[in-house]
Amino acid sequence: MKKSLLRTDKEISKLYETYADMVYRLCITLLKNPFDAEDAVQNTFLKLIHSRKSFEGPEHEKAWLIVTATNTCKDTLRRASRRDEPLDAWEMQAPDLNSDPATADVLDAVRSLPLKYRTPVYLYYYEGYSGAEIAALLHRPASTIRNYLYEARKELRKQLGGDFDAE
């Protein structure tokens, strides 16, 4: 009998333990809702389980998970049924990722950015990817990513005040 999946339970568990927090942080940044973020994480790892993709190394695994999680979140945002959700569902805040009030203000400001800015900002500042790497992950020109980061910093300066350091 032919094996249907390329990965063992042990391999899946190891990938989950290694990357689940990173995938969750990306999903909560994009979706702004802890319940939807948890669903997106679960769906991302389900796609991993069913994928026959072989990875060239840890960076390739991480990049695949980032792209898959981003696409899963975009699909969630596109779902027509979301338009019928009660407004109070959107009022829920994400769990406290950091008890520092200044960091919480920055995270709130990042979450309020348009989706096209949130993903590059998250990948650049929180995951440490370069602009060129983000461009490759998101299949966008590097100049577009640089512009998104520039526009996002400008918006964050407005929201957070003039003392925002954009590096």
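Biologist: Which residues of helix 6 and helix 7 meet?

Modeller: In this predicted model, Thr 119, Pro 120, Leu 123 and Tyr 124 of helix 6 meet Gly 131, Ile 134, Leu 137 and Leu 138 of helix 7. Contact means heavy atoms within 4.5 Å. Helices (H or I, at least four residues) are DSSP runs, numbered from the N terminus. The residues of this contact divide into six nonpolar, two polar and no charged. Here Ala, Val, Leu, Ile, Met, Phe, Trp, Tyr, Cys and Pro count as nonpolar, Asp, Glu, Lys and Arg as charged, and the others, Gly among them, as polar.

Biologist: What should I know about the numbering and the limits of the model?

Modeller: Residues are numbered from 1 along each chain as its sequence is written. Local features need pLDDT of at least 70, side-chain atom pairs count only at pLDDT 80 or more, totals for chains, interfaces and linings use all residues, and side-chain values use heavy atoms, with hydrogens and water left out.

Biologist: How is the arrangement of two packed helices described?

Modeller: It is described by the angle between their axes and the distance between the axes. Helix 6 and helix 7 pack at about 135°, with their axes 10 Å apart. The axes are lines fitted to C-alpha atoms, for helices over the stretch in contact, and angles run from 0 to 180 degrees between N-to-C directions. Helix 6 and helix 7 are therefore oblique to each other: angles under 35 degrees count as roughly parallel, over 145 as roughly antiparallel, 65 to 115 as roughly perpendicular and the rest as oblique.

Biologist: Which residues of helix 7 are buried?

Modeller: Buried means under 20% relative accessible area, exposed over 50%, partly exposed in between (1.4 Å probe, protein chains only). In helix 7 (residues 131-138) the buried residues are Gly 131, Ile 134, Ala 135, Leu 137 and Leu 138. They cover an arc of only 165° around the axis, which puts them on the same side of helix 7; the arc is that of the directions from the helix axis to the C-beta atoms. On the other side, Ala 132 and Ala 136 are exposed.

Biologist: What covers the buried residues of helix 7?

Modeller: The cover includes helix 3 (58-78), helix 6 (115-126) and helix 8 (142-160).

Biologist: Where is His 139, and is it buried or exposed?

Modeller: His 139 is in the loop between helix 7 and helix 8. With a relative accessible area of 66%, His 139 is exposed. Its phi is positive, about 55°, although His 139 is not a glycine.

Definitions and conventions. Helices (H or I, at least four residues) and strands (E, at least two) are DSSP runs, numbered from the N terminus.
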